[in-house]
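Work through the exercises below with the sequence and the coordinates at hand. Each task is followed by a solution in steps.

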Amino acid sequence: MTLTVDTLTVWMDKFGNKIGENKQYLSDLDTPIGDGDHGFNMDRGMTAVKEKLSSKPENVTDGLKNIAMALISTVGGASGPLYGTAFLEMAKKSSSTTDLGELLDAALKGIEMRGGANPGDKTMVDVWDKLVPEVKDGTLTEDKITAAVEATKDMVAKKGRASYLGERSKGHIDPGSQSSGYLFEAMLETEGLL
Amino acid sequence: MSYGLTIVSHVPEIAEGLPKLLKQVAKDVPMTTAGGTNDGEIGTSMEKIMKAFEDNAANEILAFYDLGSAKMNLEMAMEMSTKKVHLYDTALIEGVYTAASLLQAGVGLDEVEAQLKPLTIKD
């Protein structure tokens, strides 16, 4: 459960690959209920992250901070500040602990603070809120990730671009929840991280 | 004049266009803008917003934005800026136009904020 420079690098590499492979799908999810750019924005961000991590950071805090700054300055949409804040809060927390569960707790608080969303608002908070406790309990599985992402489908959006659609936002998976799902999947697939 | 305006929009042309309207009623109010991403695409940029704060001749800024994610970048820029920045959740054009007119007339911040209140449409 300890985050190291090596596991962080592998985790981000896997996350970046998933975003790259699914950028069209993520943007397609974003088309009916958003501005259709989530996948491309995230892919631009993760390409910048990979570039930053190609020279090995001195410690976990530096690594997390570099990831945050790369996302904040390249993503452009709402996901830049949201993912950026998540990694920035993890960076801050990492000066006192490198326990992944605690870092993710700090990240979730940061996302909630930045976006002002609550569980049930059909945002990435829904996925993080369900899965962070699973990480802490050592019970995260692929199925739980899928279930958390799919659960956003029937929600009515209260935050973000989809909220302008009101009831019509129902029936679509929230794109930020889907990309967050990939982040947790990448966590599962990173040896020695969980 | 001690107060200035900063306008943040997802679209560079929206951000650059608004001062044309505002200058008609507020030629002496310092205004700076941050429109689009660093690549000039649709979106907002924390760096551009920081620069708009710094470039503004005023040392206290009233900031206005168009849609949600602009607010997030604005808030991050505010946390990093050394200037005092007030953020308003008003309808963009009506809000910034109201503030510009009142600042030009030399009205104090309290009065400006009282007039902005009914224009609030975002939470």
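**Exercise 1.** In this predicted model, find the bridge partner of Glu60(B) in E4(B).

*Solution.* Begin at Glu60(B) and look across to E4(B): the bridge partner is Lys84(B). Next, take the whole strand: E3 of chain B, residues 60–65, is joined to E4(B) by five bridges, and the two run parallel.

**Exercise 2.** Determine the strand order of the open sheet in chain B, and explain why one side of E2 and of E4 is left without a neighbour.

*Solution.* The four strands follow the order E2-E1-E3-E4, with parallel pairing. Strands E2 (31–35) and E4 (84–88) of chain B each have a single partner strand and stand at the edges, so one side of each lacks a neighbour in the sheet. On average, neighbouring strands are turned by 25° against each other, direction ignored.

**Exercise 3.** Describe residues 6–189 of chain A and the largest nonpolar core.

*Solution.* UniProt, in an unreviewed entry, lists this range as "domain: DhaL". Over residues 6–189 chain A is 69% helix and 0% strand, with the end C-alpha atoms 14 Å apart. The largest nonpolar core has 54 residues; Leu104(A) is among the members that touch the most others. Contacts of Leu104(A) include Trp11(A), Trp128(A) and Phe184(A). A second, separate core has 20 residues, including Leu18(B) and Tyr88(B).

Technical notes. Residues are numbered from 1 along each chain as its sequence is written. Chains are lettered from A and ligands numbered from 1 in the order in which they are written. This is a predicted model: local features need pLDDT of at least 70, side-chain atom pairs count only at pLDDT 80 or more; totals for chains, interfaces and linings use all residues. Side-chain values use heavy atoms; hydrogens and water are left out. Two strands pair if DSSP finds at least two bridges between them. Axes are lines fitted to C-alpha atoms, for helices over the stretch in contact, and angles run from 0 to 180 degrees between N-to-C directions. UniProt positions are given in the numbering used here, feature names are shortened, and annotations may be inferred rather than shown by experiment. A nonpolar core is a set of buried Ala, Val, Leu, Ile, Met, Phe, Trp, Tyr and Cys residues joined through side-chain atoms within 4.5 Å. Buried means under 20% relative accessible area, exposed over 50%, partly exposed in between (1.4 Å probe, protein chains only). Contact means heavy atoms within 4.5 Å. Lists of a residue's contacts leave out its neighbours within four places in sequence.
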